Each structure stands twice: as structure tokens, then as C-alpha cells.
Amino acid sequence: MMTETLEFQAEARQLLQLMVHSIYSNKDIFLRELISNASDALDKRRLVALAEDGASPEDLHIEIAADTEARTLTVRDNGIGMSRDEVVSLIGTIAKSGTAELLRRLKDSKDKDGKEKESAELIGQFGVGFYSTFMVADKVTLVTRRVGEDSGTRWESAGEGTYTIESVADAPQGTAVTVHLRPKDEEDALFDYADERKIREIVKRYSDFISFPIRLAAAEGEPATLNSMKALWARPRSEVKDEEYTEFYRHISHDWTDPLETIQMRAEGTFEYEALLFIPSRAPHDLFQRDGRRGIQLYVKRVFIMDDSRELMPDHLRFVKGVVDAADLSLNISREILQQDRHIQLIRRRLAKKVLSTVKDLMTSDPEKYRTFWREFGRAVKEGLLGDPGDQKAILDIASFASTAGDEPTTLTAYVERMKEGQDEIYFMTGETRVQVENSPHLEAFKAKGYEVLLLTDPVDEIWVDAVPEYEGKKLQSIARGSVDLDSEPASEEKTGEFAPLLTWLGETLTDEVKEVRLSTRLTTSPACLVSDADDITPTLEKMYRAMGQEVPPVKRILELNPEHPLVSGLRAAHEQRADDPNLPETAELLYGTALLAEGGDLADPARFAKLLADRLARTV
């Protein structure tokens, strides 16, 4: 038969070099691409047969044959095949949607510094996965025959701007792609792709769940099937044993404990995908590391795409492991980076919603599992309160917090049910440890009057409480910020007048430390405490910012005095009788310092405070 030599498009030589050197980070995936194309061809043949005859063809399969001496690797299928015109259109024309447009956009992608951006971000719409073979080949031969046609087509190219095409009479139905492998070259990071062990490794990693058997041809005997074809996520849950789910979880997570919960879901309609998710029973060691691994594997039509898909699960659920298998996605040319499209965002929202609703169900169906979940992952989940406001309610519904009501954590729903009559606010206090918060003078009046207070000691608590205004119509209120109204009797005008000179003097004496001095309604046994204005950041948050290298201006706080405490009433009497006593300013410093220490704060000058205290004690001995 006559052989024609044809040229690719004018830009093909340059584009082929781009394919070989600039797009794929892992050369192994050329085999994944060939297997994926073969699987698509088998799917098409099955659909055509079902439409025409109402029955699926028998023994649809993919076969891989390696010749170590000739250094060739052949991937063949008995799928739909291609006609000569289809070969020229789909194979002979690289990036049918326009190489000139692609190259123009690549040229335009250079930033102001002249550095070229990642090309993979730009060419997701140019379907050229077949050309990944030229990463490892010095020549590629394709032989194909379409179902229903008498003769086939042979296509061949060395990837240098031209290709040959001819008709062949004895071509089997389907398509066979033979890759003439380049010599092994360690510098080029090439492996021996004719080696059976390497072939098995690649198929197991990328194509294990392809729904058609992938067979490795043998010199003698029957070919060996390389893939399991057991996509658990595609099987009804009633047909899968718990042991199978556990084994699969261990395989994808490298965690040898059993998963806490298994979640299976399927979306049908205009956009279809299946998901099999697992909630681990313990937090990974890198849960709070910036570069920690994520747990979602992405498949498209059962072809493995990526192992660490951060786009499919929000950060606050980064501990979830599992698989998402989409019918179609807008992928970049190497299938390694997801394009930003609404389908990705839709999957992300639905997966997150399903995980949170599953945890909410555990709260009633299996409280012990829920407690394990929140103990291991609650701190990470609360990070989601800083994100989309639409997620806040779902997260707050499953959150648990330490409380003054008892040793066991409480949910916000339970807190609201226990609220005293007439109470309109959910009271909380943040701090570094539970012991520190429980011993804070800010709690005194709340304990005395029986008001429950949430004890928030995770670093993220300092931030999210300002992002969440209310829950079930009840405002969240810090007991250490702003004024507090606990139906206490306000200080009488007479008492306020009695203490006015002392308050004014203390405000002037401590002007570098506090913005105001006032009488308190939140203290019962302590002489004084420090509170923040409603709009000021807390000292703990101020400390966190500084630890991260962010300088924030010092925030002055309000000193509140307990007028019933002997120290405060004695200081008032001393100030009335001897306002010019040089010891009084030192007493003011000690009063401020003890209030700061009582809440777990840090003294600006501990040595001076210790000296003042020692001198004062020496005079009382």
C-alpha cells in the first residue's frame, strides 16, 4: 500500500518539544495516557454495540506487550478503533483546537520579570495526552481499524514535524500503539519501560481500577491480568464487606488503624462523580504542618490523576482520606493540576457538607465515635469557622467545648438549652489552659450566680469567636471584654462617689498601663481584674501575632476594682488620708501586677514587681 508522508502543523516541532520537556513532571504517565485512551475506546465500542445489538461485546480488554531486546512497548485494545480520516484528524493534528493559539498564549504568559509561568496552567483544553509517548520514545507506531471497516491504518512518527500514514489490509480491529523506547538514560530520568516489574508498578499505581482487564502478554502461557478492577466506590455498599473498606483505607492512607467512619456518595445528573471517604480514628502527625499531606485521591473514569488533591476538600477537613472518581473534569494537559471551574467547587462543597452531616449523625448514633472525632480533629475543624460563613452553622452544630458546667465538653445546642431564664448571651472566655481560665477572677461573679461559661483554650479560638456573631440567635460574649450585666446591683451613687477620687488617681498613676479604672460587677473575691474593650484584641491574640512576627501596637486595658475587697477599700482610705504618701504608687503597681498575674499575663518588668513585693512584705513582718 502507498505510504504518505505528511507534515504536522507549522508549529508542531516547537509544540512537540514542549510536550516532551515542559509539561509532564513524571514520565511514567505516558503509559497511563495510553491505557486511558484504550479504556475510552473500549467504552465507545460497548456503547455502540449496546445501541445497535442490545448486548455488550465479549472479552473487551487491554493488552500490554513488551520486547526487551527490541526495546518496544505495545498497548493494544479491541475497542472502537479509528478510520484513516480520524487518525489524520485526531492523531496527525496535534492540539486540534489550535497550536498557534496555544503558543501565542504561552508567549503571552511571561510575567514582568520575563519568567515563563507554568505552561500546564494554560493548555488544559488542548488534548494531546497521546504525545506524552515522545518523552520516552524515539519513534511511535499506531495501527488501528475501526469497527465495521475492512482495512486499517498505520501511522508512524519520530515526533520531529512529520508523520507517515498508510492503509493496511490485515490490521486487527481496535488500536495498537507501539512505543520504540529510547536507550536507557539515567540523566534523562528514564526507567526501563520494557521491564515487566516497571509495567506492573505503573499499572498498579495509575490504572488498577480501570473496569476492563489489563493483561501483560507472556512469551508462554496465558497473559497475566495486572489490574484489580475493584473500584469499591462504584459498588453498592451492601455488596462490600467492612474488611474490604478497611483494607482499602489502609492502602490509600498508610494508616494501619481502622477508619473511624466510612462515607460513600454518588452524584448523578449533568455532572457525575462517585466518592468513597474515610474519617481516620486518629490525627496524623502532620495535621498542623503547612506542607502536610492531604488525603483525597482523584480519578477520572477510574484513571488515577493525582494523590494529594487539595482542591477537593477544604483545609479544615484535610484529615479526610478517600477517593473521588469523576466522569469528566476540566484537567490540564498532564492531568496533574485541576483547572478552576465550577465542577471542582461543586464537588468540594458537597463533600464537605457530607462529612459534616455524617459527624452530626454520629453525635446521636454513636456518641463515643463522635467524642473520638472531636478529640482528634476538633481543633482543625474549628479553622473552618474563619472561612465561608455558609459553613459556620454546620461546624458550630458539631462543635464541642469545655465548660464550667462539668468535666465533659458541651455542644452549643446543649448550652443554649441550659441557659438561665432571661439570658441572651453565650458566655465564653479564652485562655492558654483550662486551669488558667477556671482560676481567672473574671469567672467569679458568673460562678456565684450560676451562669455557665465556655472555656476556650485552642489558639484558633482566639480568632474565630470574632468571626461568629451568634448561634441560634444568641450572641457570643467574652466575659473578659466589655461590660457585663449579670443582673447585679450596680454600684450606688454614694459608693461611686466615695471611690471616684481613688479611681481618678489610679487612672493617672497607671496611665502607661491602663486606659480606664472603674468599679466592677464581675468580681466577688479578687481585688481587681483587667478587661478589654469590646472592640480590642485580647492579650493572647496580641501575643500570637507577635510570635508570628507581626508587630501590633500595645493595647491598654481597663482595670476593674472590687469595692468590697479589703485591699481596695483600705487603699481608698489610705488615699483619702495621705494622698501624698510615696508608698501609694507602689501599691497601685502591685495591684495592677496581681491582676495581670491572676489571668496568666506576663509582667513587663518581673524583677521590679518582685522587689516591690519583697519590700512590702518586709515591712509587714
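**Close-up 1. S478 in strand β20.** In this predicted model, S478 belongs to strand β20, which comprises residues 474–478. The relative accessibility of S478 is 9%, and since buried means under 20%, S478 is therefore counted as buried. S478 and V531 are 53 residues apart along the chain, and their C-alpha atoms are separated by 9.8 Å.

**Close-up 2. S207 in the loop between α5 and β8.** S207 is placed in the loop that runs between α5 (196–206) and β8 (214–216). With a relative accessibility of 1%, S207 counts as buried. When residues up to four places away in sequence are not counted, S207 touches R32, I35, I202, I214 and N227.

**Close-up 3. Helix α17, its span and its buried residues.** Helix α17 covers residues 583–598, and at 1.5 Å a residue its 16 residues should span 22 Å, which agrees with the 23 Å that separates its end C-alpha atoms. The buried residues of α17 are L584, T587, A588, L590, L591, Y592, G593, A595 and L596. An α-helix has 3.6 residues a turn, so residues three or four places apart point the same way. After α17 comes G600, whose phi is positive, near 85°.

**Close-up 4. The crossing of α17 and α18.** Two packed helices are described by the angle between their axes and the distance between the axes. Here the axes of helix α17 (residues 583–598) and helix α18 (residues 606–620) come within 10 Å and cross at roughly 120°, and the two helices are therefore oblique to each other. The crossing of α17 and α18 is left-handed. On the α17 side, the contact is made by N583, E586, T587, E589, L590, G593, T594 and L597, while α18 contributes R608, F609, L612, L613, R616 and R619. Sorted by class, this contact of α17 with α18 has 5 nonpolar, 4 polar and 5 charged residues. Among the α17 residues in the contact, T587, L590 and G593 are also listed as buried.

**Close-up 5. L597 in helix α17.** L597 lies in helix α17 and takes part in the contact with α18. At a relative accessibility of 41%, L597 counts as partly exposed. Leaving aside neighbours within four places in sequence, L597 is in contact with L603 and F609, and F609 is one of the α18 residues that make the contact between the two helices. The C-alpha atoms of L597 and C529 are separated by 9.5 Å, although these residues are 68 residues apart along the chain.

Key. Residues are numbered from 1 along each chain as its sequence is written. This is a predicted model: local features need pLDDT of at least 70, side-chain atom pairs count only at pLDDT 80 or more; totals for chains, interfaces and linings use all residues. Side-chain values use heavy atoms; hydrogens and water are left out. Axes are lines fitted to C-alpha atoms, for helices over the stretch in contact, and angles run from 0 to 180 degrees between N-to-C directions. Helices (H or I, at least four residues) and strands (E, at least two) are DSSP runs, numbered from the N terminus. Angles under 35 degrees count as roughly parallel, over 145 as roughly antiparallel, 65 to 115 as roughly perpendicular and the rest as oblique. A crossing is left-handed if the near helix is turned anticlockwise from the far one by less than a right angle, and right-handed if clockwise. Contact means heavy atoms within 4.5 Å. Ala, Val, Leu, Ile, Met, Phe, Trp, Tyr, Cys and Pro count as nonpolar, Asp, Glu, Lys and Arg as charged, and the others, Gly among them, as polar. The expected span of a helix is 1.5 Å times one less than its number of residues. Buried means under 20% relative accessible area, exposed over 50%, partly exposed in between (1.4 Å probe, protein chains only).
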